[in-house]
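Hi,

Here is the structure I promised to pass on. Have a look at it first, and then read my notes below.

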Amino acid sequence: MSGRSRCVVVPVVAAFAALVAAAPAWAHPRAATVAIDYRVTVRSVPGVDATVLDGDRSLRLRTNGHLTVLGDLREPMLRIGDGVFVNLSSPTAQADRLVKQPSHGWKRLASGSSFTWHEHRLSPPPFESGRYGVVARWSVPVVVDGRHGAVGGAFVRVARPHWWLWLGAALLVAVAGGAWLSRGRARGGAVAIAAFALAAAAAIACQVALLLRDSPSGRLSWFGLAAGIALAIGAIALVVLGRGITRIYTAGGIGAGIAAWALSWFGVFFHGAVIAALPGALVRALCATAVACGLVAVAGSLTVHE
């Protein structure tokens with residue numbers, strides 16, 4: 001391999017390696033769920049702060065007093081107050097995998113006055129085809145400072161978006177960009193760099209919006225956010241610091257990686273409720289932009305020759 005070719009290939013390989021290595025750190029902490037077909041509403045009781053997390057699968061309860069969570073058989077399941085304790089003989093705790101080995105008595109799980117766990121009562125029942133809005137309700141009985149109550153809410157089914165419209169728009173942009181490039185190769189380099197910049201900006205905004213949504217722990221994944229920022233800075237630096245055709249090929253290589261990366265979010269086009277800090281329509285637009293501009297960056301770089 002010649003020295004000139006090596007200067008072109010090495011940055012592209014490094015760009016792909018950076019994308020592959022950093023992707024897990026960017027990912028949503030425990031699950032890859034980015035969109036679902038329903039939303040879950042929450043109704044709490046005095047003295048308890050209730051939140052649904054992780055794609056409407058996990059429940060977080062916080063209390064300033066003494067809280068007992070009851071199971072399916074109305075048996076004491078969890079105690080939350082001066083620490084978190086699980087009833088080792090509770091069938092519901094065993095079903096939710098809070099207990100590995102059934103026994104007797106209580107076991108301390110955590111300190112503090114809040115706890116998050118995968119609550120099976122948040123699993124929605126089968127929905128009737130074509131039915132939207134409130135389709136079912138859920139309830140978790142509790143005892144707060146001796147007062148019986150229930151944390152509950154409803155499953156609200158959301159209509160699915162027109163996926164063909166979003167993906168068609170992305171494909172149309174990519175095809176139009178390729179057709180425009182085929183008319184004049186002199187523009188290819190500038191188009192590749194500009195398309196890379198747009199794809200990177202859209203991908204960063206989309207991933208941050210997904211990451212800012214509550215994680216299963218109820219805390220923001222600072223490590224994932226920092227890793228994402230570092231990845232963005234590194235990718236931009238590879239393009240900015242590159243020279244001549246190296247810069248153009250690097251932009252095209254990273255653009256391909258961004259387009260492939262955005263494919264992991266395609267669930268936002270097929271489900272109505274997007275799990276993100278931004279509106280679902282905006283997240284879909286950002287994802288489509290990342291894919292389309294990433295492909296245009298590749299096409300632009302391929303029209304440039306030494």
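This is a predicted model: local features need pLDDT of at least 70, side-chain atom pairs count only at pLDDT 80 or more; totals for chains, interfaces and linings use all residues.

The chain has 306 residues, and 47% of them count as buried. On the secondary-structure side you'll find 7 helices and 12 strands. If you take the contacts with a separation of 6 or more, 67% of them are between residues 24 or more positions apart.

Salt bridges

How many salt bridges does the structure hold? The count is 4, and here are the ones I looked at.

One of them joins the side chains of aspartate 37 and arginine 160, at 2.8 Å from N to O. Aspartate 37 sits in the loop between β1 (35-36) and β2, while arginine 160 is in the loop between β11 and α3 (163-181), so this pair ties together parts that are 123 residues apart in sequence. As for burial, aspartate 37 has 16% relative accessibility and counts as buried, because the cut-off for that is under 20%. Arginine 160 is partly exposed, with a relative accessible area of 48%.

Next come aspartate 49 and arginine 62, whose side chains meet in a salt bridge at 3.2 Å, N to O. This pair also links distant parts of the chain: aspartate 49 belongs to strand β3 (residues 48-53) and arginine 62 to strand β4 (residues 58-63), 13 residues apart. Both ends come out as partly exposed, with aspartate 49 at 36% relative accessibility and arginine 62 at 35%.

Then there is glutamate 119 with arginine 121, where the closest N and O atoms are 2.7 Å apart. Are these two buried or exposed? Both glutamate 119 and arginine 121 are buried. They also belong to a network of salt bridges that links Asp72, Glu119 and Arg121.

Aromatic rings

There are 5 aromatic pairs in the structure, and I'll describe two of them.

Tyrosine 38 and phenylalanine 155 make an edge-to-face pair, with 5.9 Å from centre to centre and 80° between the planes.

While you have the rings on screen, go to arginine 79. It lies over the face of phenylalanine 85, at 5.3 Å from the ring centre. Arginine 79 also lies over the face of tryptophan 106, in this case at 4.3 Å from the ring centre.

Two arginines with positive phi

Last item: a couple of backbone angles. Arginine 74 has a phi near 65°, which is a positive value in a residue other than glycine. You'll find arginine 74 in the loop between β5 (67-70) and β6 (76-81). Is it buried or exposed? Arginine 74 is exposed, with a relative accessible area of 53%, because the cut-off for exposed is over 50%.

Arginine 97 also has a positive phi, near 60°, and again the residue is something other than glycine. Its place is the loop between α2 (91-95) and β8 (106-110). With 75% relative accessibility, arginine 97 counts as exposed.

That's what I have for now.

Cheers

Terms used
Residues are numbered from 1 along each chain as its sequence is written. Side-chain values use heavy atoms; hydrogens and water are left out. Helices (H or I, at least four residues) and strands (E, at least two) are DSSP runs, numbered from the N terminus. Buried means under 20% relative accessible area, exposed over 50%, partly exposed in between (1.4 Å probe, protein chains only). Rings of Phe, Tyr and Trp (its six-membered ring) pair if their centres lie within 6.5 Å; planes under 30 degrees apart count as stacked, over 60 as edge-to-face and the rest as tilted. A charge sits over a ring if NZ of Lys or CZ of Arg is within 6 Å of the ring centre and within 35 degrees of the ring normal. Contact means heavy atoms within 4.5 Å.
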